[in-house]
Amino acid sequence: MAKIGVVLGSDSDWPVFEPGWKILADFGVETEVLVASAHRTPDAVREFALSAEEKGIRVLIAVAGAAAHLPGVVASFTHLPVIGVPVSGPALKGVDALLSIAQMPAGIPVGTMAIDGGKNAALYAASILAISNESLARRLLDYRNAQAEGVRKRNGALQEKIRQEQTSAR
Ligand code: RP5
């Protein structure tokens, strides 16, 4: 199966992506994860992006905080789709990273997730792979159905709580 490549600007970014990584593991999607920084280890970023396609990677996710140029730099080295995940930091709560990633000048696009949106990055990457993978598409639909069932259950529990509180208030 096609793989997903993930670059983290720092190991401190892992908690943002870990929930997404777990979903991809559940789906049986192989990921290759690398910690490499656009400013601290630019050569490693370049090497990862340039070699991604020949390793079977079809979508890249780049996770970074602060002046987050990592997703744009990754995208500059490959035509594969790149999904950027801005990470919240202490100073500007991730707005700095969000704007850095979203405001790519025309020509080299990066699909930008919400701040700390590692889970959606994984689901979005899986959706791209599912275009040409029926069993992955089914797993994505199962995931959504389970999610919808969870909402229905929570609604049922809330309706019951409201009903009981109304009864006791009478
Ligand atoms: C960014 O700076 C990283 O992506 C991380 O979000 C942030 C802080 O990095 P560390 O100082 O924790 O390594 O480059």
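Two strands are taken to pair if DSSP finds at least two bridges between them. The legends below apply to a predicted model.

**Figure 1. Overall fold of the protein chain.** The protein chain of this predicted model contains six helices and five strands. From the N terminus on, its elements follow the order β-α-β-α-β-α-β-α-β-α-α. Along the principal axes, the C-alpha atoms occupy a box of roughly 70 × 40 × 30 Å.

Figure 2. Five strands form an open sheet in the order β2-β1-β3-β4-β5, and their pairing is parallel. The edge strands, β2 (31–35) and β5 (111–112), each pair on one side only. In general, the strands of a sheet are joined through backbone hydrogen bonds, in either a parallel or an antiparallel sense.

**Figure 3. Pairing of β1 with β2.** Strand β1, formed by residues 3–8, pairs with β2 in the parallel sense over five bridges. Residue L8 has V35 of β2 as its bridge partner.

**Figure 4. Helix α5 across the sheet strands.** Helix α5, residues 118–130, lies across β1, β3 (57–65) and β4 (82–87). The angle between α5 and β3 is about 165°.

**Figure 5. The largest pocket.** The space in the largest pocket amounts to about 320 Å³. Its lining comprises 22 residues, and S10, D13, A64, G65 and A66 are those that lie nearest the centre of the pocket. Sorted by class, the lining of the largest pocket consists of ten nonpolar, nine polar and three charged residues.

Figure 6. The side chains of E134 and R138 form a salt bridge, with an N to O distance of 4.0 Å. Both residues belong to helix α6 (residues 134–169), and because they are four residues apart, E134 and R138 are separated by about one helical turn. In general, side chains of opposite charge can pair when their charged atoms come close. Across the whole structure, the search finds seven salt bridges.

Key
Residues numbered from 1 in each chain as written. Predicted model: local features only at pLDDT ≥ 70, side-chain atom pairs only at ≥ 80, totals over all residues. Heavy atoms only, no water. Helix = DSSP H or I, 4+ residues; strand = E, 2+ residues; numbered from the N terminus. Contact = heavy atoms within 4.5 Å. Axes fitted to C-alpha atoms, helices over the stretch in contact; angles between N-to-C directions. 1 Å grid on protein atoms, 1.4 Å probe; cavity = no way out; pocket = protein on both sides within 12 Å on 5 of 7 lines; lining within 4 Å. Points joined across faces, edges and corners; volume = space filled by probe spheres on them. Nonpolar A, V, L, I, M, F, W, Y, C, P; charged D, E, K, R; others polar.
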